[in-house]
Structures are given as C-alpha cells and as structure tokens.
Amino acid sequence: MRRFDAVIFDMDGTLIEPLLDFRALRDELGVRPDAGILEDIASMPPAQAEAAHRKLLERELSAAAKANLMPGAAETISAVRLAGMKTALLTRNAAPAMQRVLERFGELRFDLAWSREDGPIKPEPDGILRACATLGVRPERTACVGDFHFDLIAARAAGAVSVLLATGERPAFADEADHVIRRLRELPALLGIAPPDGEKSPRQGSKTPRPDGEK
Ligand SMILES: [Mg+2]
C-alpha cells in the first residue's frame, strides 16, 4: 500500500533557486538577525512596516522573475502526480511572487497553491492542516518538503512527515527532520513511487551524485 497520499512543497530554495539573500534583506529592512522577517515586520510601527513590506515584495518579485527551477523540480512533481498523489504549494512568499513563478514554470502543477495571504503561515501548522483538509488527505499520510527550519516545525506541528531538502551544508536543524534528501530526485524513492521518466534509481545509475546535488 502507498505510504503517502499527498506532497506539500515549499517554494524558495525547494522548487526554485534561493535567490533571496535573507541576511542582506534583514539588514535592509531593519529586521533582527534571529527573527522571522514577516514576524518582525508585523511588530514594527505601521509606517515602517508598510515600507518594509513594499521593499520585501519588490525583492520577492525580482527573485521570482529571475530564479531558475531547482534541478529535478518539474520531473519530481510530475512523478508524484503520476503516482496518483495530490500536490500542493505552500509558501511564505506574497501571492504576486508565487503567481509569477507559476506563470514562468507552467510545468509546476499543483492541486492548490497558497501564499502568505492565505495564512497563518509556516511555522504555524494551519496551512498544512487546511491543505490536507481541502485535498481530503490525512496529515500523517502527507510529506512536507522544504529547505528551512520553519518547514520542519510546521510539518511536525501538523502531524505530517517532514522532508528536508539540504543541497549544501547540512544545517543544524536537520536533526529535526523525519527525512533528509540532498536533491529532489531522491524524493520518489523516499515516497516509494516510480522515479521520474528517464531517471535511473541511484543504485542503477552510472553517476555518483555529488554532494551539491547537481550533475
Ligand atoms: Mg524555502
């Protein structure tokens, strides 16, 4: 029997390249280094918060216009859909930035796609729980794939299975993930479904995957 009925994907750093330099962005917006950007903006005085939101949206739109797909993103999503599983996109990005990405990459197909306007956002579990209810799947049979700590916290709080995509150095919070993958193409095997078309499983493959997850 299939172990999962749905996969919920994060966007930045998971399906598209992480172009936003969060450290620089925090400096520019006046956000504390250890705080969530959106959470810290919410605690600013209204005028400052509005200016910060405007700047953030500008940066998000520019990243959405330029970012490439992460290696294997389209093939992995299509393998998941082909296996009969539901797919969802859940991002802390603003809706216009998410829409931009979906328009640029029509091959990214989801049963639902929610941005921060559809909040409460990660690390809160609400988005995952509502997505599961909307898709008619149980959280414990849902895999949540993301590259950041908030993705793992939200998945755990929702009772879903967390999958950390760590393409570079293994982050300290990796121990909190149920599973860690180094590239998206490892996901079908983890889900117990057939690999994307034309992909060989790592055991049959002629190439050893490099630590950076790229060919
Ligand atoms: Mg991310």
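**View 1. Helix α6 lies across β1, β2, β3 and β4.** Its direction makes an angle of about 150° with β2; axes are lines fitted to C-alpha atoms, for helices over the stretch in contact, and angles run from 0 to 180 degrees between N-to-C directions. Helices (H or I, at least four residues) and strands (E, at least two) are DSSP runs, numbered from the N terminus. Please keep in mind that this is a predicted model, in which local features need pLDDT of at least 70 and side-chain atom pairs count only at pLDDT 80 or more, while totals for chains, interfaces and linings use all residues. Residue numbers start from 1 along each chain as its sequence is written.

**View 2. Four residues of α6 are buried: Gly-127, Ile-128, Ala-131 and Cys-132.** Here a residue is buried if 20 or more other C-beta atoms lie within 10 Å of its own, exposed if 12 or fewer, and partly exposed in between, with C-beta atoms placed from the backbone. These four sit on the same side of α6 because they cover an arc of only 130° around the axis, the arc being that of the directions from the helix axis to the C-beta atoms. Their cover includes β1 (6–9), β2 (86–90), β3 (112–114), β4 (142–146) and α7 (149–158). Just after α6, which spans residues 126–135, look for Gly-136 with its positive phi of about 75°.

View 3. One runs from Gly-119 to Pro-120, with omega near 5°. The other runs from Lys-122 to Pro-123, with omega near 15°.

**View 4. An open sheet is formed by 6 strands with parallel pairing.** Follow the order β3-β2-β1-β4-β5-β6. The edge strands, β3 and β6 (179–181), each pair on one side only. Two strands pair if DSSP finds at least two bridges between them. From one strand to the next, the twist averages 20°.

**View 5. Strand β4 is mostly covered, with 5 of its 5 residues buried.** Thr-142, Cys-144 and Gly-146 point one way, whereas Ala-143 and Val-145 point the other way. In a regular strand the side chains alternate between the two faces of the sheet. On one side, 4 bridges join β1 to β4 in parallel, and Val-7 stands opposite Ala-143. Strand β5 (residues 161–165) also runs parallel to β4, joined to it by 4 bridges. In β5, Ser-162 is the bridge partner of Cys-144, and Leu-164 stands opposite Gly-146.

Definitions and conventions:
Two residues are in contact if their C-beta atoms, placed from the backbone, lie within 7 Å.
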